[in-house]
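Dear colleague,

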Amino acid sequence: MNESDRMGQIIFGPKARRRGSAYVIVMSAVVLVSVAGVAGMMAAGAQRQAVERTVDIERARLIAQAGLEVAAGQMRNTAAWRSGVTGGVIYSDHAFAGGTFSVRVTDPVDGLPANNLTDDVLVISEGRFNDARQVYQRRFRANAIGLDALEWAAHAGGNVSFAGCTLRA
């Protein structure tokens, strides 16, 4: 029998079964490798999303802290900052570093931050970045510092007289 005769022949028996079983084994291995590859890609995608979410939360935390610092700077540098507070809100959706922060104040004693300059205030800052949200709060104590001129007191009952002299500080 020559080569051309063999090509057209159908082989029955043990050789035929081995060829078919090899095909099934190869296809099974291909399916297993494919499933493992898809599972690995899905796990990597889920891990990437978790890392992105963690980064968003961290950025929201930093933005909330920045809101507290901005509010503290305003309180420190503006003598009448309490008069500008309406409804307890100092900043509302203020854009910062790709996100936003909102800052509100409340008086822990009576709830009215503008009625008494010596009351403590509770500053609450909410930072947002994408879907992440972080809230920070800090209590600020009112610091009533007197004028330098009032550090020393003198009482003479009206018996002080100055004649021909100049007073200098």
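A search of the whole structure finds eight salt bridges, each being a side-chain nitrogen of Lys or Arg within 4 Å of a carboxyl oxygen of Asp or Glu. Please keep in mind that this is a predicted model, in which local features need pLDDT of at least 70 and side-chain atom pairs count only at pLDDT 80 or more, while totals for chains, interfaces and linings use all residues. Residues are numbered from 1 along each chain as its sequence is written, and side-chain values use heavy atoms, with hydrogens and water left out.

Glutamate 126, which sits in strand β3 (strands are DSSP runs of E, at least two residues, and helices runs of H or I, at least four, numbered from the N terminus), counts as buried at 15% relative accessibility (buried is under 20% relative accessible area, exposed over 50%, partly exposed in between, with a 1.4 Å probe and protein chains only). It forms a salt bridge with arginine 128, the closest N and O atoms being 2.8 Å apart, and another with arginine 133, also with 2.8 Å between the closest N and O atoms. Arginine 133 is exposed at 51%; salt bridges with shared partners join Asp93, Glu126, Arg128 and Arg133 into one network.

Aspartate 120 forms a salt bridge with arginine 139 at 3.5 Å between the closest N and O atoms. Aspartate 120 lies in the loop between β2 and β3 and arginine 139 in strand β4, so the pair ties together parts 19 residues apart in sequence.

Best regards
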